[in-house]
Amino acid sequence: MLPVLGVDADDTLWENEERFHEVEQRFRDLMTPWADSETADAALLATERANIARHGYGIKGFVLSMVLTAVEISDAAIDARSLAGIVGWGHEMLAHPIELLDGVPEALDALGSTHRLLLITKGDLGDQLGKVRRSGLADRFWRVEVVPEKDPQTYRDVLDRHGVDPAEFTMVGNSVKSDVLPVLAIGGWAIHVPHTTTWVFEEPDPDELAGVEFPIVDRLGDVPGLLAG
Ligand SMILES: [Mg+2]
């Protein structure tokens with residue numbers, strides 16, 4: 001039996017953050033009558049931070065946070081149509097075509113010849129599964145797991161469910177906080193493939209990084225060579 005390689009999805013296989021940044025710009029523009037960009041950004045971030053446990057990760061939570069923040073910033077002066085417009089931005093995001101990152105299908109083909117590939121992603125179940133389907137990559141994966149949070153206990157549970165020993169498991173992803181540190185914490189291995197930008201909620205605590213070492217590669221296409229060596 002081939003060893004199991006965990007693979008993150010958003011910003012590891014395809015663009016994701018960029019979609020959020022585009023909509024954040026629309027949100028700033030919509031808030032112009034009441035707030036400058038910095039104020040709007042800070043208010044939205046504060047709402048997201050306060051609600052992430054309730055909203056979860058993903059587009060729906062992002063939309064709810066924008067609606068709440070718009071009402072707050074405008075002191076309830078924003079019109080209902082504009083609020084419906086924010087919901088519409090979310091619908092656009094949900095339907096956005098998948099943009100695979102460079103060389104991803106080829107990299108997965110190479111990795112799939114030496115490993116059983118276990119996609120592990122967090123966010124809204126329907127949205128995440130829909131992206132896997134629309135990506136055209138679904139049949140490259142042995143299993144797909146959508147989880148509410150990527151912490152050590154979640155990884156332990158997922159690996160246990162699939163009968164995988166953490167010591168023989170490697171995870172690959174763009175987030176040190178979600179894809180690397182929790183896997184190292186349960187005795188597994190991890191490879192960091194940074195994306196161009198990192199969402200502020202995915203920035204690791206510097207204390208947690210102290211004394212921790214893991215390989216970093218430029219792109220997913222570099223992982224097969226690294227694993228072979
Ligand atoms: Mg990611």
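Biologist: In which helix is A42 found?

Modeller: This is a predicted model, where local features need pLDDT of at least 70, side-chain atom pairs count only at pLDDT 80 or more, and totals for chains, interfaces and linings use all residues. Residues are numbered from 1 along each chain as its sequence is written, and side-chain values use heavy atoms, without hydrogens and water. Helices are DSSP runs of H or I with at least four residues, strands are E runs of at least two, and both are numbered from the N terminus. A42 falls within residues 37-55, which form helix α2.

Biologist: Is A42 buried, partly exposed or exposed?

Modeller: Buried means under 20% relative accessible area and exposed means over 50%, with partly exposed in between (1.4 Å probe, protein chains only). A42 has a relative accessible area of 46%, so the residue is partly exposed.

Biologist: Which residues coordinate the magnesium ion?

Modeller: Donors are N, O and S atoms within 2.8 Å of the metal (3.2 Å for Na, K and Ca); water is not among the atoms, so sites may look incomplete. The donors here follow the spacing D-x1-D-x163-N along the chain. At 2.1 to 2.2 Å, they belong to D8 (OD), D10 (O) and N174 (OD1).

Biologist: How many residues apart in sequence are the parts that D8 and N174 tie together?

Modeller: D8 is buried at 5% relative accessibility. N174 is buried too, at 13%. D8 lies in the loop between β1 (4-7) and α1 (17-31), and N174 in the loop between β4 (169-173) and α8 (176-185), so the parts they tie together are apart in sequence by 166 residues.
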